[in-house]
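Subject: Structure handover

Hello,

Here is the structure you will be looking after from now on. Please open it first, and then read the notes below with it on the screen.

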Amino acid sequence: MLWYKSWLETRWRFVIGLVLLMLSACGTVLSYPQVVKLLPLAPTVQVSGEIGRRVSEAMELARTYRGFVWSEWFRQNMLQTWGLFAVLLGTGGLLSQASGGGALFTLSLPATRSRLLGVRAATGLAELLVLAFVPSLLLPALSPIVGQTYGIGEALVHGACVFIAGSVFFSLAFLLSTVFSGVWPPLLIAICVAAVLRLFDVVLRDMSRYSVFGVMSGETYFRGGGLPWLGLVASAAASAAMLYGAVLNIARRDF
Amino acid sequence: MADTFIIETADLRKHYDGVEAVRGLSLQVPAGSIYGFLGRNGAGKTTTIKLLLGMARPTGGRARVFGLAADEDRASVDIRRRTGFVSDDKDLYDYMTVAEMIRFTAAFFPRWRADLEQRYLRAFALPLDRKIKALSRGMRTKLALLLALCRGAELLILDEPTAGLDPAMTEEVLQALVTHVAAEEMTVFFSSHQIAEVDQIADRVAIIDRGRAVLTGALDDLRESYRRIQLVFDGDAPEPAFRAPGVVRVRRKGRVLTVLSSAGAERILDEARALNPVSVDVVPVTLKEIFLETVTVED
């Protein structure tokens, strides 16, 4: 029943995230014919600096459907929206329920704190898994509508990269939720951390494939360099360490 | 036969950020008793209960429930499996309906009493399909009580069970509690700052003040042994130093000297008569008076 409780507590965040990501996936696929029409205009776009370089790169990637999907969806829309919902799903829990949320009732149940926390973490991660794969699998399903194909295997690989690497944001918010009693501080801190990492990702382009966002986007895989194993393992280890830290934090805490 | 103690604490201590919430509390709650845990707001009642249920860790001393150490994780789970609990805030999960809340709670307790669940649902007139957040304070308390009573627990720990309820609702809740305890073999440990309700249902009592038990015992024994001796003198009352044991407090006001005794009123009376008062009255003392005399009045 702890699963049911966790589901009830997070279902709206999950459902909103799923709907947004699915709409975004649909929008990405359905916008491709318009992008193709604009491609001939690409050489006339004269913008200098970083923005110009990024526009050119986007145009270049959009010459293939695979490149367009990766650039628009896995590198941008999904990354940002999924990351936000990873943080949202990571917040909450016992500490934020200590005042008016039934935390004492939960703690009066015959369940260890690590079990309470473990179920909540597992529920959040399961929801994030769905958020990573279901919208991604919409891409191969919808692509025939615009006369294109997109590999299911590719969607699954990118979905897995988003889930494994992006879980660090969930785990960070989860850990912070065992430190701060309010809902807002963990949320804001985790979002700030994600924003700063994203900024580094943009500024230090040469290093971007090694950043968490680079690993999430599966850039090395897209460019034919194989899966970013090191980044995935490091992200998974960081997530596990933060979740363990959260368990230790709650175990020693007084309510 | 020696008493079996369901709850035992010895020199139990808890500090919170420099505040001593519990300071060397020693209690023994016999099996089958209704134990009133009386104290003013902030006396350390809720903290003690949290220590018993493993919600907070003691900084010193020990607490055992059913003979199990309350600060050990596994033992604490066992304690909670055998204990029904109602917190002072009666906070439940606002997003669940009454039916969901009951189903959720029942899943944790193999000895869940479905028969009692039906009985209390009817008695408390709880609407199964209503969300918890839409329940009144009284309904919330009744639901919290139902969730505690139906666990098939051997021990009920209730933290200010009637706080915030009107007198009619308080009476209803207390009656339900007394009826339940009479029918089931269980121990009740309940905290309160409402002396009347402790007086009404408890058979044993501990008065806690500033984290320390200042008085413990069977309520009948306390009523029996505590006496107020009032002496009236011709002129100003003297300042005697009573040698007899059992003198709790001596107050002088003009011609009147009042002695509160916890035991041995006869010996105190002998000493008092030697002071040649005009009149001597010995009257029984209520729990309220005992409470007010034993807790330290803070400015």
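One term comes first: a residue is called buried if 20 or more other C-beta atoms lie within 10 Å of its own, exposed if 12 or fewer do, and partly exposed in between, with C-beta atoms placed from the backbone. Helices (H or I, at least four residues) and strands (E, at least two) are DSSP runs, numbered from the N terminus. This is a predicted model, in which local features need pLDDT of at least 70, side-chain atom pairs count only at pLDDT 80 or more, and totals for chains, interfaces and linings use all residues. Residues are numbered from 1 along each chain as its sequence is written, while chains are lettered from A and ligands numbered from 1 in the order in which they are written.

Chain B overall

Chain B has ten helices and 14 strands. Its C-alpha trace spans about 70 × 45 × 40 Å along the principal axes. Of its 299 residues, 41% count as buried. Two residues are in contact if their C-beta atoms, placed from the backbone, lie within 7 Å. Among the contacts in chain B with a separation of 6 or more, 69% are between residues 24 or more positions apart.

Helix 5 of chain B

Helix 5 of chain B is mostly covered, with ten of its 13 residues buried. The buried ones include B:Arg140, B:Lys142, B:Leu145 and B:Leu149. What do these buried residues pack against? Their partners in chain B are strand 6 (83-86), helix 3 (98-106), helix 4 (114-124), strand 7 (155-159) and helix 6 (167-183). The expected span of a helix is 1.5 Å times one less than its number of residues. For the 13 residues of helix 5 (residues 137-149) of chain B that gives 18 Å, and the end C-alpha atoms are 18 Å apart, which agrees.

The two domains of chain B

Chain B is divided into domain 1 (5-220) and domain 2 (226-294); such bounds come from an automatic or database domain assignment. The centres of the two domains, taken over C-alpha atoms, are separated by 37 Å. Nine residues from domain 1 of chain B and five residues from domain 2 of chain B make up the contact. On the domain 1 side, helix 7 (195-201), strand 9 (204-209) and strand 10 (212-218) of chain B each supply at least two residues. Helix 7 of chain B gives the most to that side, with three residues. The residues on the domain 1 side divide into seven nonpolar, no polar and two charged. Here Ala, Val, Leu, Ile, Met, Phe, Trp, Tyr, Cys and Pro count as nonpolar, Asp, Glu, Lys and Arg as charged, and the others, Gly among them, as polar.

Sheets and strand pairs in chain B

Two strands pair if DSSP finds at least two bridges between them. Four strands of chain B form an open sheet in the order 12-13-11-14, with antiparallel pairing. Strand 12 (247-253) and strand 14 (279-284) of chain B stand at the edges with a single partner strand each, so one side of each is left without a neighbour in the sheet. Within the sheet, strand 11 (residues 227-232) and strand 13 (residues 256-261) of chain B pair over six bridges, and B:Leu231 stands opposite B:Leu257.

Strand 1 (residues 5-16) of chain B runs antiparallel to strand 4 (residues 60-65) of chain B, and five bridges join them. B:Ile7 has B:Val65 as its bridge partner there. Strand 4 of chain B is also joined by two bridges to strand 5 (residues 68-69) of chain B. These two strands form a hairpin with two residues between them, and B:Phe66 in the turn has a positive phi of about 55 degrees.

Chain A

Which elements of chain A give two or more residues to the side that touches chain B? In total, 17 residues of chain A are in contact with 19 residues of chain B. The elements asked about are helix 1 (2-30) and helix 5 (103-107) of chain A. That side of chain A divides into ten nonpolar, five polar and two charged residues.

One residue of chain A to look at is A:Ser96, in the loop between helix 4 (65-90) and helix 5 of chain A. Why does A:Ser96 count as buried? It has 20 other C-beta atoms within 10 Å. Leaving aside neighbours within four places in sequence, A:Ser96 is in contact with A:Gly101, A:Ser177, A:Ser181, A:Gly182 and A:Val183. The C-alpha atoms of A:Ser96 and A:Ser177 are separated by 7.3 Å, and the two residues are 81 residues apart along the chain.

Regards
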